[in-house]
Each structure stands twice: as structure tokens, then as C-alpha cells.
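I opened a new page for this chain.

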Amino acid sequence: MAKVYIINTNKNNNINAEQTMLQEAKCAAYYTPWKYYIDTIEANDIVFLYSSGVGIVARGIATGIVEVRDYEGQPDEERYMYLDRFELLNRPLSAASVTGIIRDVAGTDFDIKWNQTMIPIAYNFGIKVWQHITRSCL
């Protein structure tokens, strides 16, 4: 079964990282140990790109092919994966809204720690978020 990930766009550390992810339709992570999180994403996994302070700004389906390149002059410090069916949201989906959508399924005790490079969420929660985006954010 496919998995679901929320990937932080790294905007707070480098605004260019977010812009590159959005322009190139990919998810990425930088430097050890975070860059290796990309390796856990498999073909057909659902990926949401999260911009700190804004919310989910894009979504796509993982290709499963991890690529590596230099980053900020450092060799092999960016690991990334292109996303099929990539879509930018017309209206970002806030962290509070994502949590609310999932709480409708999981109950009010559910919470997400948003200050992470990659956040795995249960598939059934991810589908609810995907459906909400399709109805309300594109």
C-alpha cells in the first residue's frame, strides 16, 4: 500500500529550496541526516509539500527514483525525487486545517509536530487531505 508524507520545503533555511521544489515539481531534503529521508519514499507514495507558516502548497505522486546533486557548493548534499501529477494549490491548506481534517477521522487527540523535515501520516488520513485539496484548494 502507498504511504503518505508531508515534506517541509526548507523555506526557513533557504528560500531558494522551496522555489526550486515548486518549479521543478519535486520533493527534496538537504544534508545529513535529513537528506536520507527521501530514500524512504517509494513509487506511488503521496507527497504533500509544506511551507512553514503557510501550509501545504503543492502535492504529487512519488516516482520512486531518488536523485542526488550538489547543493550550495557541497557535493551530493541534495537528495530529491520528482513528483508525478504535481499540482500547486491555488489556496494553501494551513497546518490547522490539515490537523482538523485528520482529527475528523482520528479523533481530537491527534496532533502533528510540524517542525520536521518529513512527516509520515497514515494512508487513510492522507487520502482525506488529498480529497479536501481536490474539492477546495485547486
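The model is predicted, so I kept the confidence rules in view: local features need pLDDT of at least 70, side-chain atom pairs count only at pLDDT 80 or more, and totals for chains, interfaces and linings use all residues. Numbering runs from 1 along each chain as its sequence is written, and side-chain values use heavy atoms, without hydrogens or water.

**Entry 1: the whole chain**

I looked up the secondary structure. I took helices (H or I, at least four residues) and strands (E, at least two) as DSSP runs, numbered from the N terminus. The protein chain has 3 helices and 7 strands. Read along the sequence, the pattern is β-α-β-β-β-β-β-α-β-α.

Next came the overall dimensions. The C-alpha trace spans about 45 × 30 × 25 Å along its principal axes. I took the radius of gyration over C-alpha atoms, and the globule rule as 2.2 Å times the number of residues to the power 0.38. For 138 residues a compact globule would have a radius near 14 Å, and the chain agrees with 14 Å. Of the 138 residues, 46% count as buried.

Then I checked contacts, meaning heavy atoms within 4.5 Å. Among those between residues at least 6 apart in sequence, 63% join residues at least 24 apart.

**Entry 2: the cores**

I searched for nonpolar cores, that is, sets of buried Ala, Val, Leu, Ile, Met, Phe, Trp, Tyr and Cys residues joined through side-chain atoms within 4.5 Å. The largest has 23 residues. Ile6, Phe48, Ile56, Leu93, Val98 and Val129 have the most contacts inside it. At least two residues of this core come from each of β1 (4–8), β3 (46–51), β4 (55–62), β6 (74–93), α2 (95–106), β7 (118–121) and α3 (123–136). A second, separate core holds 20 residues, including Ile7, Cys27, Tyr71 and Met118.

Beyond four places in sequence, Val98 is in contact with Ile6, Ile56, Leu93, Ile112, Trp114 and Val129. I then took Thr99, which is also found in α2. Thr99 is buried, at 8% relative accessible area. Not counting residues up to four places away, Thr99 touches Phe110, Asp111, Ile112 and Trp114.

**Entry 3: helix α1**

Which residues of α1 are buried? In this helix (residues 15–24) they are Ala17, Glu18, Thr20 and Met21. They cover an arc of only 165°, so they sit on the same side of α1. The arc is that of the directions from the helix axis to the C-beta atoms. The cover over these residues includes β1, β2 (26–30), β3, β5 (67–71) and β6.

I checked both ends. Asn14 caps the N-terminal end, with a side-chain oxygen 2.8 Å from the backbone nitrogen of Asn16. After α1 comes Ala25, with a positive phi near 55°.

**Entry 4: Glu72**

Glu72 is in the loop between β5 and β6. Beyond four places in sequence, Glu72 is in contact with Asn14 and Tyr31. I tested both for polar contacts: pairs of N or O atoms within 3.5 Å, where within protein one must be able to donate a hydrogen and the other to accept it, and residues adjacent in sequence count only if both atoms are side-chain atoms. The side chain of Glu72 makes one with the side chain of Asn14, at 2.6 Å. Its side chain makes another with that of Tyr31, at 3.0 Å.

**Entry 5: backbone exceptions**

Most residues other than glycine have a negative phi, and most peptide bonds are trans. The bond from Thr32 to Pro33 is cis, with omega near 0°. Pro33 is in the loop between β2 and β3. Asn44 lies in that loop too, and its phi is positive, near 75°. At 53% relative accessibility, Asn44 counts as exposed. Asp76, in strand β6, has a positive phi near 55°. Asp76 is partly exposed, at 44%.

Key. Buried < 20%, exposed > 50% of the residue type's maximum accessible area, 1.4 Å probe, protein only.
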